[in-house]
Amino acid sequence: MAGATSLHINRQAAHYEGNPATSEAAWIKWAIVGVSLAFFALFLLVPLAAVFSEALKKGWAVFFESLVDPDALAAVKLTVIAAAIAVPLNLVFGVSAAWAIARFEFRGKQLLTTLIDLPFSVSPVIAGLIYVLMFGAQGYFGPWLREHDLKIIFAVPGIVLATVFVTFPFVARELIPLMQAQGKEEEEAAIVLGASGWQTFWHVTLPNIKWGLIYGVVLCNARAMGEFGAVSVVSGHIRGETNTMPLHIEILYNEYQFAAAFAVASLLALLALVTLVIKTFVEWQVANSSKNVKGET
Amino acid sequence: MSIKVENIHKQFGNFVALNNVSLDFPGGELVALLGPSGCGKTTLLRIIAGLERADSGRVLLDGEDASDTHIRERQVGFVFQHYALFRHMSVFDNVAFGLRVKPRKERPSEDVIKRKVKELLELVQLDWLADRFPSQLSGGQRQRIALARALAVEPKVLLLDEPFGALDAKVRKELRRWLRRLHDELHITSIFVTHDQEEAMEVSDRVVLMNHGNVEQIGSPNEVYQSPATPFVYGFLGAVNLFHGRVDGSHVQLGEHAHPHDTTQDGLSHGAEVIAFARPHELQIVTDVSETRGIGATVSRVLSFGASTRVELEGDVHEGVPRHVEVELSREQSASLALATGQRVRVLPAQLRVFPHPHKTDNNKATATRSTAS
């Protein structure tokens, strides 16, 4: 969605500038460009540089030491586990939700569309609290869980649940407009030609939504690894057990271990940079394939 | 394979897309479903294909009820208006798709598939495009590939939904001729949907005219053009001038004068209100000022490009006479008349076709429609 949209804007920009009715004086253009670049540098680039310079302030030795610290390793491991569970789950949820919305008419479709956005509109802290309310010791299912010796809140399952919740919309949000725009004609054509539902999905639908799907997964993963609020509420901050990377960073920072905090933070920042690279690559791919699609009509 | 639809009814909310339609498509024919947009023609085609379910009624393929047969087993080929080629597959893979998705037992070997696809691409004269992607083809090429893809699974019926609707005029004309030739070669029962009357008349063996979910007339292109069964058919096939009047024996009273009409239809009692049609070439223009018959009119435009000349006139204000009259003259006639803008003339109908007034005799019309549909 976002990828395709931003690409369209790129293409239209030339159209605006070339058109005497909508083009602006050079100084206006450069003023606007300057303001956005300055803002970008001040609020994004400077902090990013600060993260790395703070992390390396006490030298490489301290940097690596804080990364291989058992608690830090445990935090990285937990973060990876949470993402490794949340992303595939949301991949399946997202594709089926997008499929349902784009391909079927049913009662409550509007409601479903709205509900998909819920994790975006609800504060992550509230999301965390909902799970505490449901699965915590005093929660609805608390007594039952205690009887069966199951632990969700202040344990890994709670962290996974909270992560799944906050990252739910990413894949679905990418796919719904994409699938709606592509329509169902190619799928109908496949079925008339004798393809089964699974063959149609695998050979026709999936290749068509491939880049949107990857884009959604990349964003979903970035959020899953970086989520703080919801996870913080359900985690209980048990060192080496229920701390994810963002939580670990916060603890280190509160303990005035700035170099260590920034060292772990630089890992997260690196993840963000990798995400950006993948995102740009995907957008570039989408641009290529949308050029093809454009020529088709 | 013959196709028969019986009492097909389909409604979208309050909108009746198909109103109890029954039709017979004998095997081997190329039939056009013709009508304005929203007349139900595409819905009917999709119901025959199995892409849409009728609210009631049956579809019989070769005499067997296919209502519960899944589209996969109906052995129909379907060609979509916007081609619906698989955009991420090469032309070759597109055409091979139907063969490759067959169950393992029926699936031909990759060698056989290769040969077959090559044959089909030669049939549509595009074998040199096998490695291209749909986005690299022109519209006309895409539609021919879509046709090759549909033919790959050896369908018993070919259904085409406005196959040339998205193409420009010149390519359309070429592809029409090409489709006709292809049909003469393959003789596969084909139905194609179009809103372009010229296309329907030129390509098909028979035309089914539809309007508001009803079948208005069925016949050869010549039949439906020469003897339209309903006012709708008359108006839809080519340009017409519409008059309102009253029956007066073998004449019909239009404006100040009575004109002979050539309709022997029952139910046109003396004094009945009727509408009368004349095609532009069925009207004559008389410049002689002593002439008193016909309809008084003023020439407003003379369009003399092409093989014939079109004259647009403004009719004198009389009840039942249209404000705008269109007359088609041969070049010779037009030259000898030497019409000038603003000239006063009289228009004489050489032929008038009369129908009962549709709003005054709704029952009559409904019966007429049904009798032509069966």
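pLDDT is the predictor's confidence in each residue, from 0 to 100.

Figure 1. Chain B has a mean pLDDT of 86. In chain B, 93% of the residues reach 70 or more. Over residues 361–374 of chain B, the pLDDT is below 50. That stretch has eleven contacts in the model beyond near neighbours in sequence. Where pLDDT is low, the predicted coordinates should not be read in detail. For the complex, the predictor gives an ipTM of 0.79. The pTM from the predictor is 0.77.

Figure 2. The mean pLDDT of chain A is 84. In chain A, 93% of the residues reach 70 or more. Residues 1–9 of chain A stay under 50. The model has eleven contacts for residues 1–9 beyond four places in sequence. Residues 293–297 of chain A also stay under 50. For residues 293–297, the model has ten contacts beyond four places in sequence.

**Figure 3. Overall build of chain A.** Chain A holds 15 helices and zero strands. The C-alpha trace of chain A spans about 60 × 60 × 30 Å along its principal axes. Chain A has 297 residues, and 38% of them count as buried. Take the contacts in chain A with a separation of 6 or more: 72% of them come from residues 24 or more positions apart.

**Figure 4. Overall build of chain B.** Chain B contains ten helices and 20 strands. Taken along the principal axes, the C-alpha atoms of chain B fill a box of roughly 85 × 45 × 35 Å. Of the 374 residues in chain B, 50% are buried. Among contacts in chain B with a separation of 6 or more, residues 24 or more positions apart account for 68%.

**Figure 5. Helices α2 and α3 of chain B in contact.** Two packed helices are described by the angle between their axes and the distance between the axes. Helix α2(B) covers residues 91–100, and helix α3(B) covers residues 110–123. The two pack at an angle of about 125°. Their axes lie 10 Å apart. α2(B) and α3(B) are therefore oblique to each other. The crossing of α2(B) and α3(B) is right-handed. From α2(B), the contact takes in B:Val91, B:Phe92, B:Val95, B:Ala96, B:Leu99 and B:Arg100. These meet B:Glu110, B:Ile113, B:Lys114, B:Lys116, B:Val117, B:Leu120 and B:Leu121 in α3(B). The contact residues of α2(B) and α3(B) divide into nine nonpolar, no polar and four charged.

**Figure 6. Helices α11 and α12 of chain A in contact.** Helix α11(A) runs over residues 185–192 and helix α12(A) over residues 197–226. The axes of α11(A) and α12(A) come within 10 Å. They cross at roughly 160°. Angles over 145 degrees count as roughly antiparallel, and α11(A) and α12(A) are therefore roughly antiparallel to each other. α11(A) passes α12(A) in a right-handed crossing. On the α11(A) side, the contact residues are A:Glu186, A:Glu187, A:Ala190 and A:Ile191. On the α12(A) side, they are A:Thr200, A:Val204, A:Thr205 and A:Asn208. The contact of α11(A) with α12(A) divides into three nonpolar, three polar and two charged residues.

Figure 7. Helix α14(A) comprises residues 245–254. Seven of its ten residues are buried, so α14(A) is largely enclosed by the rest of the structure. The buried residues are A:Met245, A:Pro246, A:Leu247, A:His248, A:Ile249, A:Ile251 and A:Leu252. A:Tyr256 follows α14(A). The phi of A:Tyr256 is positive, near 65°.

**Figure 8. Positive phi at A:Asp149.** A:Asp149 is not a glycine, yet has a positive phi of about 60°. A:Asp149 sits in the loop between α8 (142–147) and α9 (156–167) of chain A. The relative accessibility of A:Asp149 is 71%, so the residue counts as exposed.

**Figure 9. Positive phi at B:Gln125.** B:Gln125 is a residue other than glycine with a positive phi, near 60°. The loop between α3 and α4 (139–152) of chain B holds B:Gln125. The relative accessibility of B:Gln125 is 44%, so B:Gln125 counts as partly exposed.

Technical notes
Residues are numbered from 1 along each chain as its sequence is written. Chains are lettered from A and ligands numbered from 1 in the order in which they are written. This is a predicted model: local features need pLDDT of at least 70, side-chain atom pairs count only at pLDDT 80 or more; totals for chains, interfaces and linings use all residues. Side-chain values use heavy atoms; hydrogens and water are left out. Axes are lines fitted to C-alpha atoms, for helices over the stretch in contact, and angles run from 0 to 180 degrees between N-to-C directions. Helices (H or I, at least four residues) and strands (E, at least two) are DSSP runs, numbered from the N terminus. Angles under 35 degrees count as roughly parallel, over 145 as roughly antiparallel, 65 to 115 as roughly perpendicular and the rest as oblique. A crossing is left-handed if the near helix is turned anticlockwise from the far one by less than a right angle, and right-handed if clockwise. Contact means heavy atoms within 4.5 Å. Ala, Val, Leu, Ile, Met, Phe, Trp, Tyr, Cys and Pro count as nonpolar, Asp, Glu, Lys and Arg as charged, and the others, Gly among them, as polar. Buried means under 20% relative accessible area, exposed over 50%, partly exposed in between (1.4 Å probe, protein chains only).
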